[in-house]
Amino acid sequence: MAEYLELPSKAIPVGLDMLRLNLENQYVSIIRGQDAAAIQDRYFADHFMVIDQMNELLASESEAQAFARVKELFGQLFAPGRMVWTPREKMSPFSAAGEKSYWTESGRGFGIFFSHKGEDLGILELDDLAFEQYKERYLALALPLATVCSMAIATARATEDRVETQEALLRAARIVESSDDAIISKTLDGVIVSWNQGAKNICGYDHDQVIGKSTSFLVPNGQYDEMPHLLEKIRTGQLAGIIETVWKTRDERLLNVSVQVSPILCDKGKVVGASSIVRDITQEKQKIERERASLNAQLQQAQKMESVGRLAGGVAHDYNNMLGVIMGFAEMALEKVGPEDPLHSDLIEIQSAAKRSTNITRQLLAFARKQTIAPVVLDLNKDVEQMLKMLQRLIREDIDLAWRPQPDLWTVKLDPSQIDQILVNLCVNARDAIEGVGKITIETKTVTIDESYCADHLGFTPGDFVVLAVSDNGCGMDKDTLNKIFEPFFTTKGVGIGTGLGLATVYGIVKQNNGFINVYSEPGKGTTFKIYLPRFRGESVESCRVTVKEAPIGRGETVLVVEDEPAILKFIQKILTPLNYQVLQATSPSEAIRLAEENSGRISLLITDVVMPEINGRQLYIQLKALIPGLKCLFMSGYTANVIAHRSMLDEGVNFIPKPFSKRDLAVKVRDVLD
Ligand SMILES: Nc1ncnc2c1ncn2[C@@H]1O[C@H](COP(=O)(O)OP(=O)(O)OP(=O)(O)O)[C@@H](O)[C@H]1O
Ligand SMILES: [Mg+2]
């Protein structure tokens, strides 16, 4: 009900006689024609309702409506200039007990307390009465009227409460009935007493088929029935809580359900039964299962990448050694047979097959970030420029290769051979994505990425970067493909066409150099790969790619070669001896130390494997240097050994030749180190 209703009466003031007549007419019209006893019976509690205009007041009418009518009545009868209703919540606690009315401060009206059966309802104040001189007689008339009106308001309120409770119960019943969840109540012995539509929907059984039965028929054969245990808990006043279990439906399907069991109490608070709210969680369960499976797959994927990496690293050592031997001997044999010899072409075949094999190991090593690299400070523009001819040959003639360098690029520190690997892989992929005529664009530019950009863009790290971008207007990729492209062995190309190692290699290289990659692709439109390489800060050194045609000749220096693989040892000796070097061979570090002691005066270079039994190459070098001051050293290895490198970056000043190497590679490197 509204507070402090303040409404000037709309009624026309009437004289006292008219009012009395009016009032009496109202009363008379109630009583007249009706059996007093019947009124008593039917209406006594709310018989005010029968009065005049208010006789439409129904049992369901609200308190507010009843009050509005009361106000209307008082307004019409007494025609006050001002009428204020103060509901009980706002009534002053100081109003004298038992008081029924008071005169207003203005002296031109009165206030009446409305109460019913000792319960306050509110105060109605009528002021500025039009016929102020009749106020006492008005009050005398108003008091009994207020008693009846109070009854009407109180009745309306009680009815309203009752209706509300009924409605609440009805609502509750409707909720239970229409719930998708099954709501089942049972006795403490587990006998079903109610079964709603939800229960029918979930389990398939009709109400009639289950009432009076135990829920155990829902438990699949061989499965433990938890219900008796839960009911026992309920009986002893414990909380049974929620369980997840499996139920069998009428058509023999198995469902995952969650069952929440709660006690049902009687009016006296005694536990008389239990209600179960049952939800079918089969789909949720399956979703969780699927998510778990996908997480597992991701984990397996990561483990696969990891183990491929480890495998690559492991294979490299032995496999590269053997490839080196194959290539080396093929190279030397080729020098002995002229092009007219029928063996010549066979040897060429052997050589090129071995070279192709080295490429595969090289890619695996790059992916595993185990590729030994010798980073140099370089200007990407110059480096890419040197490769353009080769790249143009790699892609077809009907594909246009555009080169858009940004002038004054920042320098980066990278192994030049890794730039080759990145560009070749990206360009070949771009070529394969283009059917017929197309365009590949290679661009460079500098970008600075700040923290706020990183916050909005996943996968970026802040800093200065040189970007190498390769774009094509080929077939593009869908989301599914994009998600997998960096996985080793992921390829959409046919068997024998793609190995799926290209982008894995690029990924490994970029990661090894603390960069990152971004790919933008749209099916049917094309693809752009952007490689972000961190800007090099420090003194820059001009990079130059050495290309030597002839194997340089030695000056009779003595070289101590330590290698536990006899075939390689023999191969190195066969390369170096004809090039005018004295070669001392050792298959173990101890043998090397012995030889060094015997020949300390003349050894100028140690060529040693990095990973060996006994002690590693670096330790051997340190020991021998103590014997031979000024001794130079060239390490060789099939993969990065942390002995000479950190995170696969060669330590400064360390000379290294990756296996497998050709005769010329070795000759150049040996000369390099000695000079
Ligand atoms: N520019 C591109 N446009 C469209 N799809 C591409 C592009 N680059 C890569 N892809 C997709 O990514 C896959 C993986 O590329 P990735 O270079 O790793 O392997 P590959 O090219 O299939 O084989 P490999 O490079 O080992 O010969 C490709 O098979 C292709 O589906
Ligand atoms: Mg590729």
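**Salt bridges and a helix pair**

Reply: Glu 335 counts as exposed, with a relative accessibility of 52%; the classes are buried under 20% relative accessible area, exposed over 50% and partly exposed in between (1.4 Å probe, protein chains only). This is a predicted model, in which local features need pLDDT of at least 70 and side-chain atom pairs count only at pLDDT 80 or more, whereas totals for chains, interfaces and linings use all residues. Residues are numbered from 1 along each chain as its sequence is written, chains are lettered from A and ligands numbered from 1 in the order in which they are written, and side-chain values use heavy atoms, with hydrogens and water left out.

Me: With which residue does Glu 335 form a salt bridge?

Reply: A salt bridge requires a side-chain nitrogen of Lys or Arg within 4 Å of a carboxyl oxygen of Asp or Glu. Glu 335 has Lys 663 as its partner, with the closest N and O atoms 2.8 Å apart. Glu 335 belongs to helix 8 and Lys 663 to helix 18 (residues 663-674), so the bridge ties together parts 328 residues apart in sequence; helices are DSSP runs (H or I, at least four residues), numbered from the N terminus. Lys 663, at 15% relative accessibility, counts as buried.

Me: How many salt bridges does a search of the whole structure find?

Reply: The search finds 21. One of them joins the side chains of Glu 291 and Lys 287, at 4.0 Å from N to O. These two residues are 4 apart in helix 8 (residues 282-336), and therefore separated by about one helical turn. Glu 291 is partly exposed at 43%, and Lys 287 is partly exposed at 48%. Arg 279 and Glu 284 also meet in a salt bridge, at 3.1 Å from N to O.

Me: How is the packing of two helices described?

Reply: Two packed helices are described by the angle between their axes and by the distance between those axes. Here helix 11 (residues 416-433) and helix 14 (residues 502-512) pack at about 145°, with axes 9 Å apart. The axes are lines fitted to C-alpha atoms over the stretch in contact, and angles run from 0 to 180 degrees between N-to-C directions.

Me: Which residues of helix 11 and helix 14 make the contact?

Reply: With contact taken as heavy atoms within 4.5 Å, the residues include Ile 422 and Leu 426 of helix 11 and Val 506 and Ile 509 of helix 14.
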